[in-house]
Amino acid sequence: MGKFVLKTTNTGFKFDLKATNGQVIATSEVYTTEAACENGIASVKNNCIGEIEDQTVENFEKVKHPKFEVYTDKAGEFRFRLKAKNGEVIATSEGYTAKDGCLNGIESVKKNAPDAEIVKE
């Protein structure tokens with residue numbers, strides 16, 4: 001089972017969602033308070049049921065929030081961002097060289113996030 005690792009940074013708090021193997025699947029923004037960070041974790045748990053909007057294809061179909069947006073970054077790598085019902089980005093992925101890896105990352109979030117425990121570092 002995955003886990004959310006809540007960390008203190010120089011400017012606030014952030015979380016990483018890690019798979020059972022310890023690999024980081026998704027990361028949050030930096031929050032100003034620990035409570036806000038915990039709310040972000042709750043939001044990921046509630047919104048990880050979203051559909052996938054593949055923005056890497058021409059004339060892609062828009063999907064309602066919550067959703068995972070798949071896109072390519074400036075380096076040409078595939079990434080996803082999870083958007084909540086209100087359209088806010090609540091988690092982002094690392095860069096993947098292949099789209100399949102990115103899609104596997106989304107499936108891992110869907111599988112691991114709902115029951116993941118919160119661990120503070």
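Me: Is Glu-69 buried or exposed?

Reply: Burial is judged by relative accessible area: under 20% is buried, over 50% exposed, and in between partly exposed, with a 1.4 Å probe and protein chains only. Glu-69 has 4% relative accessibility and so counts as buried. This is a predicted model, in which local features need pLDDT of at least 70, side-chain atom pairs count only at pLDDT 80 or more, and totals for chains, interfaces and linings use all residues. Residues are numbered from 1 along each chain as its sequence is written, and side-chain values use heavy atoms, leaving out hydrogens and water.

Me: With which residue does Glu-69 form a salt bridge?

Reply: A salt bridge needs a side-chain nitrogen of Lys or Arg within 4 Å of a carboxyl oxygen of Asp or Glu. The partner of Glu-69 is Arg-81, with the closest N and O atoms 2.5 Å apart. Glu-69 sits in strand S5 (residues 67–72) and Arg-81 in strand S6 (residues 78–83); strands are DSSP runs of E, at least two residues, and helices runs of H or I, at least four, numbered from the N terminus. Arg-81 is partly exposed, at 21%. Shared partners join Glu-53, Lys-67, Glu-69, Arg-81 and Lys-83 into one network of salt bridges.

Me: How many salt bridges does the whole structure hold?

Reply: The search finds ten. One of them pairs Lys-120 with Glu-34 at 2.6 Å, N to O. Lys-120 belongs to strand S8 and Glu-34 to helix H1, so this pair ties together parts 86 residues apart in sequence. Lys-120 is exposed at 53%, while Glu-34 is partly exposed at 28%.
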